[in-house]
Amino acid sequence: MERRVVRRSQSKFSGPDGARLFRRAWLPRDARRVVVLVHGLAEHSGRYDAVGAWLSTRECAVHGYDHRGHGRSDGLRGHLASFTELLDDLEAFLQIVRREHPGLPVSLVGHSMGGLVATALLCERKPDVACAVTSGAPLEIPEHVSPLRRRAARVLRRFAPRLRMDAGLAPETLSRDPEVVRGYVEDPFVFRRVTVSLATEVLEALTRTVASAAQVQVPMLLLHGEADQLCPARGSRAFFGGLRGPGHRLRIYPQLRHEIFNEPEQEQVLQDLLAWLHEREG
């Protein structure tokens, strides 16, 4: 991936409940658009440095933040009391970014769980954004999670919400690039276990969101790797089929795994993303 000198910044902002959340930005000299990156489960915004730098050299002011309980933000690692907190945090961040870039169109780009957060916000709260992009988003109920197991998880959360379980993120399923896998394994801000509460809240949000595609009111670009074992591409295909209105697009990449922005074909993926943003502006 191409790397150039960009202006980076780091700071913190307050979530609606006062939690201090870590944020970072990749800023060009003159921006024509704003991109807000929303990262996935058990990782952090720093893993998107190459993506932010690439976009910033192409007239995008790029902003990202660490979810609560992730990275350098406040909160118990791997824990979430309510999925609503993630939506509240993203709304608050969008308000800050809009104030910093008045008049510029704002686009959401969410990867994996971040794609679910962005999509849920579109369905439930109709945010003031120009469009949204998802990458490897979990947009189907996992086949092994039956209604009975979901009910059992809700009961368990009531009595032991902070009980830990494996996050189920096998590093080798992320990318075909061994350096990406090595970096993920060695990253001190990546964690391997989540609480029952977090897992249950994400599953409940997923259940609501997959049935709400018709509620989306802005154009969506759904990107997915065909070889994604963590979040199968059929979820994006099904959600795309439920979208209404013009401007939506689905792009499935053969052979690519879960982290399409970290695959050897990452340049093509980013070019496709940027070209779609240009089309929306046109």
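Visitor: Hi! How many positive and negative side chains does the protein chain have?
Guide: Hello! In this predicted model, the protein chain carries 40 positive and 34 negative side chains.

Visitor: OK, overall shape next. What radius of gyration does the chain have, and what would a compact globule have?
Guide: The protein chain has 18 Å. A compact globule with 282 residues would come out near 19 Å, so the two agree. Along the principal axes, the C-alpha atoms fill a box of roughly 50 × 40 × 40 Å.

Visitor: How many helices and strands are there?
Guide: You'll find 8 helices and 10 strands in the protein chain.

Visitor: What share of the residues is buried?
Guide: Buried residues account for 55% of the 282. As for the surface, the chain exposes about 12,200 Å², with carbon and sulfur atoms supplying 51% of that area.

Visitor: Of the contacts between residues at least 6 apart in sequence, what percentage joins residues at least 24 apart?
Guide: That figure is 77%.

Visitor: Let's zoom in on His44. Where does it lie?
Guide: His44 sits in the loop that runs between strand E3 (33-38) and helix H1 (49-56).

Visitor: Is His44 buried or exposed there?
Guide: His44 is buried, because its relative accessibility is 7% and the cut-off for buried is under 20%.

Visitor: Which side chain does His44 make a polar contact with?
Guide: Its partner is Asp187, and the contact between the two side chains is 2.7 Å. A polar atom of the His44 side chain also lies 3.1 Å from the backbone nitrogen of Gly46.

Visitor: What else does His44 touch, leaving out residues up to four places away in sequence?
Guide: Besides Asp187, His44 touches His39, Asp66, Gly71, Phe189 and Val190.

Visitor: New topic: Ser14. Which strand is it in?
Guide: Ser14 belongs to strand E1, which covers residues 7-14.

Visitor: Why is Ser14 called partly exposed?
Guide: Ser14 has a relative accessible area of 37%, so it falls between the cut-offs of 20% for buried and 50% for exposed.

Visitor: Which residues does Ser14 touch, again not counting those up to four places away?
Guide: Ser14 touches Ala19 and Arg20. With Arg20 there is a polar contact between the side chains, at 2.9 Å.

Visitor: And how far is Ser14 from Phe93, in sequence and in space?
Guide: Ser14 and Phe93 are 79 residues apart in sequence, while their C-alpha atoms are 8.8 Å apart in space.

Technical notes. Residues numbered from 1 in each chain as written. Predicted model: local features only at pLDDT ≥ 70, side-chain atom pairs only at ≥ 80, totals over all residues. Heavy atoms only, no water. Helix = DSSP H or I, 4+ residues; strand = E, 2+ residues; numbered from the N terminus. Buried < 20%, exposed > 50% of the residue type's maximum accessible area, 1.4 Å probe, protein only. Contact = heavy atoms within 4.5 Å. Polar contact = N/O pair within 3.5 Å; in protein donor to acceptor, adjacent residues only side chain to side chain. Rg over C-alpha atoms; globule rule 2.2 N^0.38 Å. Areas by Shrake-Rupley, 256 points an atom, 1.4 Å probe, with all protein chains shown as cover. Lys, Arg positive; Asp, Glu negative; His and termini not counted. Charge placed at Lys NZ, Arg CZ, Asp CG, Glu CD.
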